[in-house]
Protein chains: 4
Amino acid sequence: MSSRKGETLWIIPDGYIPPISSGDLESHESICVLNTNHMDAQLIVNVYFEDREPLEGITVLVPAKRTLHARTALLKSGSESIPKGVPYAMEVMSDIPVYVQYSRLDATQPANALMSVMGFPVRDND
Amino acid sequence: MSSRKGETLWIIPDGYIPPISSGDLESHESICVLNTNHMDAQLIVNVYFEDREPLEGITVLVPAKRTLHARTALLKSGSESIPKGVPYAMEVMSDIPVYVQYSRLDATQPANALMSVMGFPVRDND
Amino acid sequence: MSSRKGETLWIIPDGYIPPISSGDLESHESICVLNTNHMDAQLIVNVYFEDREPLEGITVLVPAKRTLHARTALLKSGSESIPKGVPYAMEVMSDIPVYVQYSRLDATQPANALMSVMGFPVRDND
Amino acid sequence: MSSRKGETLWIIPDGYIPPISSGDLESHESICVLNTNHMDAQLIVNVYFEDREPLEGITVLVPAKRTLHARTALLKSGSESIPKGVPYAMEVMSDIPVYVQYSRLDATQPANALMSVMGFPVRDND
């Protein structure tokens, strides 16, 4: 039984907040984090764009022995947030090992579409 | 031909049982386990939430040389089960190496949406 | 530049051929194989079920420097094929290293749903 | 803090540009690349088919500290591009380490379907 489970850096290259919602559900994306540790995890999310400087230093807290499904549209770095309708990518760093999955619900049409990927884990010795 | 194939710990950060079904199919999620061993696999599933203590110790048996696509809504730890409409995460432990994939059918709308990810494998030497 | 790229064993725990199609497209699943080698790859697919003995020894040829997106419904082991509407899992073995992805188009509803996962690679030293 | 993050070779076995679009959105696929380096990344994409010689040498530039969500239908090797409605696979090589995810929006039906996978990373020592 290892004392270190999870990874401290996760990458999500395909981020996109659909600007339109129709039907009953709202278009959104979430980063879904699991912290199985007995300590809270402090995350820093950096956001990369196609045509402008990165938005850095978004902070997210995931309590000990909890999951957090954080909507990307609600993340804030100071007063700045991730714009809708713009392709972006995320780098999710944690001070202790966690697990990260990314899911998107696209409700542009009344009939929704879903996609999900496990984040790409970056190991220290890579 | 290695005698050890698969992993004994798999993580699924984005669990969610859609509370609504419409149309012909029922919204559901499954954890899909493959046991290629000549022995039965005994699994323990621990469930993590955003706002309450984990639900631990759900047991699942996957027979030798069989797959099991277990609906999460039917999993039980004593009399407790995973509530619908609540974000959660899963830790799937097995006494022998297996493979785990997670899939969700969202039939909230008559037109369904599907998503699937391979579980995230945790290796002993990680 | 390594001479060995890809893996020789890939696992797909969540197989299911939707029995119903409506609308313009037909429900189907594919295993998508890429062979970047200068030699043909000979694959053997073993199929595991929930309630019966495995169906073993389905053979698939992927020519050198080619991809093959093989519909699972067309795979044959002798006169046997994978039944529709039944949960199953696949073990894909290749005599030389290849890459395997699995995708499903569910056209049960006129509005289709898609899911895809990379196969889970099993390394020799695992 | 490692100086080398990401991988220089990524594989996507299931490529397919849906030939039809209906409704408000256009069917498309994207390769989503994140370059967290302080240098531009020069990518070469090779495309493999089921029944013809590979299309090699498509070049893509991803600037330093940027993401690029490149539509596959717009990629060019000289005057050649990837045909619609044909199964194919991609090999994405980069001169410096990057991250690659693949996503498809199928708008064949007015109600869209989405799928996404992380590219499969090939490590030098594999």
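## Where chain B meets its neighbours

Let's start with a count: between chain A and chain B there is one salt bridge, meaning a side-chain nitrogen of Lys or Arg within 4 Å of a carboxyl oxygen of Asp or Glu. Its partners are Arg66(A) and Glu53(B), with the closest N and O atoms 2.9 Å apart. Before going on, a word on what you're looking at: this is a predicted model, where local features need pLDDT of at least 70 and side-chain atom pairs count only at pLDDT 80 or more, while totals for chains, interfaces and linings use all residues. Residues are numbered from 1 along each chain as its sequence is written, chains are lettered from A and ligands numbered from 1 in the order in which they are written, and side-chain values use heavy atoms, with hydrogens and water left out.

Back to chains A and B. Here 30 residues of chain A are in contact with 35 residues of chain B, contact being heavy atoms within 4.5 Å. The size of an interface is often given as the accessible area lost when the parts come together. For chain A and chain B that buried area is about 2600 Å², with 62% of it on carbon and sulfur atoms; the figure is the accessible area (1.4 Å probe) that two parts lose on being put together, summed over both. Arg66(A), the salt-bridge residue, turns up again here: together with Leu114(A) and Met118(A), Arg66(A) supplies 23% of the area that chain A buries against chain B, more than any other three residues.

There are also eight residue pairs in polar contact between chain A and chain B (both at pLDDT 80 or more). A polar contact is a pair of N or O atoms within 3.5 Å; within protein, one must be able to donate a hydrogen and the other to accept it, and residues adjacent in sequence count only if both atoms are side-chain atoms. Which parts of chain A touch chain B? Strand 1 (7-15), strand 2 (28-35), strand 5 (66-71), strand 6 (88-106) and strand 7 (113-118) of chain A each give at least two residues to that side. Strands are DSSP runs (E, at least two residues), numbered from the N terminus. Strand 7 of chain A brings the largest share, six residues. Sorted by class, the side of chain A that touches chain B has 15 nonpolar, eight polar and seven charged residues. In this sorting, Ala, Val, Leu, Ile, Met, Phe, Trp, Tyr, Cys and Pro count as nonpolar, Asp, Glu, Lys and Arg as charged, and the others, Gly among them, as polar.

Now for chain C. A total of 35 residues of chain C are in contact with 30 residues of chain B, and about 2600 Å² is buried between these chains, 62% of it from carbon and sulfur atoms. Glu53(C) and Arg66(B) form a salt bridge (2.9 Å, N to O). On the side of chain C that touches chain B, strand 1 (7-15), strand 3 (41-49), strand 6 (88-106) and strand 7 (113-118) of chain C each give two or more residues. That side divides into 19 nonpolar, six polar and ten charged residues.

How are the chains arranged? Chain C can be laid on chain B by a turn of 90 degrees and a shift of 0.0 Å along the axis, with an RMSD of 0.0 Å. The two copies are therefore related as by a four-fold rotation axis. Superposition here is by least squares on the C-alpha atoms of residues with pLDDT of at least 70 in both copies.

Terms used:
Helix = DSSP H or I, 4+ residues; strand = E, 2+ residues; numbered from the N terminus.
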